[in-house]
Amino acid sequence: MSGPLVVVGDTLLDRDVSGTVGRICPDAPVPVLDERSATDRPGGAGLAALLAAADGTEVALVTALADDPAGARLAELLTAAGVRVYPLRNPGATPEKIRLRAGGQTLLRLDRGGEPQAPTEPPEAALEVLAAAGAVLASDYGRGLLRQPALRGALAATPAPLVWDPHPKGPAAVPGARLVTPNLAELRQLTGDAGAGSALSTATRAGQELRRRWRVGAVAVTTGADGAVLCHAGSTPLVVPPPSPVDSVEDTCGAGDRFAAAAATALAGGALVSEAVGEAVAAASAYVAAGGAAGLHREPGRRSRPVPPGPAEELVARVRADGGTVVATGGCFDLLHAGHVATLRAARRLGDVLIVCLNSDRSVRALKGPERPLNTEADRAALLSALDCVDSVVVFDEPTPHAVLSRLRPDVWVKGGDYAGDGAPELPEAGLVRGWGGRVVTVPYLAGRSTTATITAARQRGDHLIKGAA
């Protein structure tokens, strides 16, 4: 694959709340769920991107994210999985699907988010990554992103193989798409086919109708445990059964995403459409056999509970609601000195609020060695918060601030020092920030001020005093 797999579509936050049922509610004839765990994961196009990234594929996701806790959680989960996110702003609320489960069964699903609202224009970086894609997957969940004119233009213009996973409430695929991947129920809604006859005859008849109507290369109709039916330019459809039957099915949620992502990845590698559909059927069958979305493994030690909005997230939401500019900077800030203060003051003048992303103690040790930091993260955060130019401090535990930046999505990311001047290396976070249309800037750094130089000078001074006393 010469470029990344670019997934374009609606992303949801899926949350599974699991527990046990031991009694019936006394005031209504319904089971009482005793909650034991809750797990968050990206849904919709986000799940397709997550599954492709888990295969080791380089993945970029163009989607709409709202400025709310659920949107921040999605950005965090996707970034942690290695997916590069290029968000458009969703002016509404992040859609959530919450499933209450017990004994491997879903008791109830609660949907949140309300009616979808049209997203803002895509940032230039999103259009650039689409132009450089090795393959594109349009993952439609009916919330309107794939109706966005600039995105549709970019999808129609891409030279990369395009797979379109449709939704009955969504728009038609752009003409020339290599492969469209509806399931049988979606296909009947998209074409108005009454479904007379067998599943095979319906898939063949309606699949060919959709291929002609949308002017696409082929339509692969997924038929659950029976695999898929590929309708192409020839008169005879190709039936692709699964490699082996799945004995028990616990959860089929996400099987269509797994199918579409695997097909797009295979096409990017040069596979024929028939070969890509074969690989997709095998991948989706293995996914369902492994438990589907419920069988996805989270990273060890990562929290599964929903993350409540912190002071920084609440501050960002208020500033954005008022049309303000969010500025962020980051670093270790061990032994706060005049150079730090100069950078922070310059950064604060660039917007309406300044958030400092602060390396945790563990993160500083990983970067600077076992003798650092000299001051704990609590002390460093307290000193920064005491400055009138700092509005909020967020501590992050990872080696880089990528995850916290994806949650906050600042309009301006500021650094100073070694990154200023001609010939300086690009900031590691530059591509991430540009992905949501943010700007990356440097500000002047006071010469001769650094934590390392301060520590070295203090040690030399101490050694001199000891020798003098001796």
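Modeller: A salt bridge is a side-chain nitrogen of Lys or Arg within 4 Å of a carboxyl oxygen of Asp or Glu. Keep that cut-off in mind. The model here is predicted.

Biologist: Which residues are linked in a network of salt bridges?

Modeller: Arg 15, Asp 40, Arg 73, Glu 76, Glu 96, Glu 313 and Arg 407. The structure holds 23 salt bridges.

Biologist: Take Glu 313 and Arg 407. How far apart are the closest N and O atoms?

Modeller: They are 3.2 Å apart. The pair links distant parts of the chain, with Glu 313 in helix α9 and Arg 407 in helix α13, 94 residues apart.

Biologist: Are Glu 313 and Arg 407 buried or exposed?

Modeller: Buried means under 20% relative accessible area. Both Glu 313 and Arg 407 are buried.

Biologist: What about Asp 391 and Arg 348?

Modeller: They form a salt bridge too, with the closest N and O atoms 2.9 Å apart. Asp 391 lies in the loop between α12 and β16, and Arg 348 in helix α10, so the pair ties together parts that are 43 residues apart in sequence. Asp 391 is partly exposed, at 36% relative accessibility. Arg 348 is partly exposed, at 23%.

Biologist: Now the core. Where do nonpolar side chains tend to be in soluble globular proteins?

Modeller: They tend to be buried together. In this model, the largest nonpolar core has 43 residues. Val 7, Val 83, Leu 137, Leu 179, Phe 259 and Val 277 have the most contacts inside it. Helix α7 gives the largest share, nine residues.

Biologist: Which residues does Leu 137 touch?

Modeller: Leaving out residues up to four places away in sequence, its contacts include Leu 5, Val 7, Ala 48, Val 163, Asp 165 and Ala 264. Apart from this core lies another, of 37 residues, including Val 129 and Val 221.

Biologist: How do I read the two faces of β12?

Modeller: Check burial on each side. Ala 228 and Leu 230 are buried on one face, Val 229 and Cys 231 on the other. Both faces are covered.

Biologist: Which strands pair with β12?

Modeller: Strand β11 pairs with β12 in the antiparallel sense over four bridges. Ala 220 stands opposite Leu 230. Five residues separate β11 from β12 in a hairpin, and Gly 224 in the turn has a positive phi of about 65 degrees. Strand β13 also pairs with β12 in the antiparallel sense, over three bridges. There, Ala 228 stands opposite Val 240.

Biologist: Which residues form a nonpolar patch on the surface?

Modeller: Val 21, Leu 107 and Leu 108, with about 250 Å² of accessible area together. Leu 107 sits in strand β7 and is partly exposed, at 42% relative accessible area.

Technical notes
Residues are numbered from 1 along each chain as its sequence is written. This is a predicted model: local features need pLDDT of at least 70, side-chain atom pairs count only at pLDDT 80 or more; totals for chains, interfaces and linings use all residues. Side-chain values use heavy atoms; hydrogens and water are left out. A nonpolar core is a set of buried Ala, Val, Leu, Ile, Met, Phe, Trp, Tyr and Cys residues joined through side-chain atoms within 4.5 Å. Buried means under 20% relative accessible area, exposed over 50%, partly exposed in between (1.4 Å probe, protein chains only). Contact means heavy atoms within 4.5 Å. Patches are made of residues with over 30% relative accessible area and no salt bridge: like charges are joined within 9 Å, nonpolar side chains (Val, Leu, Ile, Met, Phe, Trp, Tyr) within 5 Å. Accessible areas come from the Shrake-Rupley method with a 1.4 Å probe; for residues, only the protein chains shown count as cover. Two strands pair if DSSP finds at least two bridges between them.
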